[in-house]
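Subject: Structure handover

Hi,

Here is the structure I promised to pass on. Have a look at it first, and my notes follow below.

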Amino acid sequence: MSTAQQVPIQHEREARPLKRHRSASYYVHRARVSLTTRVSKIVCGIFLTLLFIVGIAAFIAWLSLRPHRPRIHIRNFSIPGLDQPTGFDNAEIIFNVTARNSNQAIGYYYDSVEAFVHYRNQVIGYAPLVDSFYQEPKNTTILYKVLSGATLNVTSDRWSEFRNDRALGTVVFRLDVTAMVRFKVSTWDSKRHRMHSDCEIGVSPDGSILDSYKNKRCPVYFSLLGLLALCFWLSLRPKEPNFAIMEFSIPTSVSDENPRATFNYVLEVKNSDKESSIKYDDILLSFKYKHDMVGNNTIPRFDQGKDNNAYQHVPSVDINPLVWRALAKEISHGTAKLDVELITSIKYKTWGIKSKHHKVKYQGVLAIGSDGKIKDKKKRVKLHRSKKWKIRTSGFLSAN
């Protein structure tokens, strides 16, 4: 076979591309990039998971409490003398609005409540309505004000504009009510959030409010951050502990040989919250008979876990000898009653976050039978939180 007829043979070794060798720094860089990507994914995953949990908790809190914003209604609005050409000399704006709290379990603290009257986007009147007040659930508060003199800025030119609109049939004003509002659920208070209510009002030629605007509900606005903070606060709000007096025992008569006597009882402390543990400071318990002290004692501070019942056994409490004879006489007739007062300070721990200290006061009435024991069939007396005990503490949790 001739050389021209031979088929060229391509060796496999020559067909393969040549391998390029990478430096050590290249592979170190690739490893760092891969590690950074993995860490970023883990961090993002944790953040999204926490965000999802907080969202679910806020949604559950909203479903359980159904928080409603304050409801502002215009009841009356008038400008006397609007039909007089020189009425601006003694111009007045008289109005009253109602603030309604339609919530079942949420109260409102109003601070720095102010009113602004606008005409054609210009402020013509301003006055503070009230410094501060507390509004209980399912309650309505009337806010009344007369703007005149220094609180009302109406010139002859402005009065002429009023009269020009009056000739067309309607003079339109806008009333703004602003306030700093704190939400209260049980003993918990939120931080202050700015509330803004904006209501348009039409006035007839005689200066009185038109019927179509009377009792009109005004829209109420809160900042988005404030609403999110409220939902977060509601989701973290722990339940209050429950206190009850059990196994109470007191002598039924006075001994002439030994006039000194003692009584015994057990304090039941129940934490029904499944997410929060509670730390109690010293608990002061007082028992009074017709406003006179019968006896008191202090239970040392202790910690209580989630969803837990604690029982504090008190061996004996000395009875005040000055009231013992009168009390023993009523006990023998089965008509004795003792006023119980419990004062302490508690601190919650939720998801590893500790709250501030909250002072609490509970009260109850202990009816004693002729046998010296609790008259109630259940043999226990539940203590209720005192409504007269004002607690002004922040409801938001803070990390310690």
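Asn121 is found in the loop between β3 and β4.

Please keep in mind that this is a predicted model, in which local features need pLDDT of at least 70 and side-chain atom pairs count only at pLDDT 80 or more, while totals for chains, interfaces and linings use all residues. Residues are numbered from 1 along each chain as its sequence is written, and side-chain values use heavy atoms, with hydrogens and water left out.

Back to Asn121, then. Its phi is near 65 degrees, a positive value in a residue other than glycine. Asn121 is also exposed, with a relative accessible area of 64%. For that word and its relatives, buried means under 20% relative accessible area, exposed over 50%, and partly exposed in between (1.4 Å probe, protein chains only). Asn215 is another non-glycine residue with a positive phi, of about 60 degrees. Asn215 sits in the loop between β8 and β9 and is partly exposed, at 43% relative accessibility.

Now the disulfide. The structure holds one, counted as a pair of cysteine sulfur atoms within 2.5 Å. Which cysteines does the disulfide join? They are Cys199 and Cys218, with an S to S distance of 2.3 Å. Cys199 is in strand β8 (residues 193–203) and Cys218 in strand β9 (residues 216–218), so the bond ties together parts that are 19 residues apart in sequence. The torsion about the S-S bond is about -80 degrees, so this disulfide is left-handed. Both ends are covered: Cys199 is buried, with a relative accessible area of 1%, and Cys218 is buried too, with 3%.

On to the charges. There are 12 salt bridges in the structure, a salt bridge being a side-chain nitrogen of Lys or Arg within 4 Å of a carboxyl oxygen of Asp or Glu.

- Asp111 and Arg192 meet at 4.0 Å, N to O. This pair links distant parts of the chain, with Asp111 in strand β3 (residues 106–119) and Arg192 in the loop between β7 (188–189) and β8, 81 residues apart. Asp111 is buried, with a relative accessible area of 12%, whereas Arg192 is partly exposed, with 45%.
- Arg120 and Glu161 also meet at 4.0 Å, N to O. Here the loop between β3 and β4 (122–135), which holds Arg120, is linked to helix α3 (residues 156–168), which holds Glu161, 41 residues apart. Arg120 counts as partly exposed at 49% relative accessibility, and Glu161 is partly exposed with a relative accessible area of 25%.
- Asp198 pairs with Arg174, the closest N and O atoms being 3.1 Å apart. Asp198 lies in strand β8 and Arg174 in strand β6 (residues 171–185), 24 residues apart. Asp198 is partly exposed, with a relative accessible area of 24%, and Arg174 is partly exposed at 22%.

Arg120 and Glu161 turn up again in a network of salt bridges with Arg158 and Asp165.

What about the surface? Patches are made of residues with over 30% relative accessible area and no salt bridge, with like charges joined within 9 Å and nonpolar side chains (Val, Leu, Ile, Met, Phe, Trp, Tyr) within 5 Å. The areas come from the Shrake-Rupley method with a 1.4 Å probe, and for residues only the protein chains shown count as cover.

Ile42, Ile46, Leu50, Phe52, Ile53, Ile56 and Trp351 make a nonpolar surface patch of about 710 Å². One of them, Phe52, lies in helix α2 (residues 24–65) and is exposed, with a relative accessible area of 56%.

A patch of positive charge gathers Lys279, Lys306, Lys349 and Lys354 on the surface. For charges, Lys and Arg count as positive and Asp and Glu as negative, with His and the chain ends not counted; the place of a charge is taken as NZ of Lys, CZ of Arg, CG of Asp or CD of Glu. Lys354 is in strand β19 (residues 353–354) and counts as partly exposed, at 34% relative accessibility.

Cheers

Note on methods
Helices (H or I, at least four residues) and strands (E, at least two) are DSSP runs, numbered from the N terminus.
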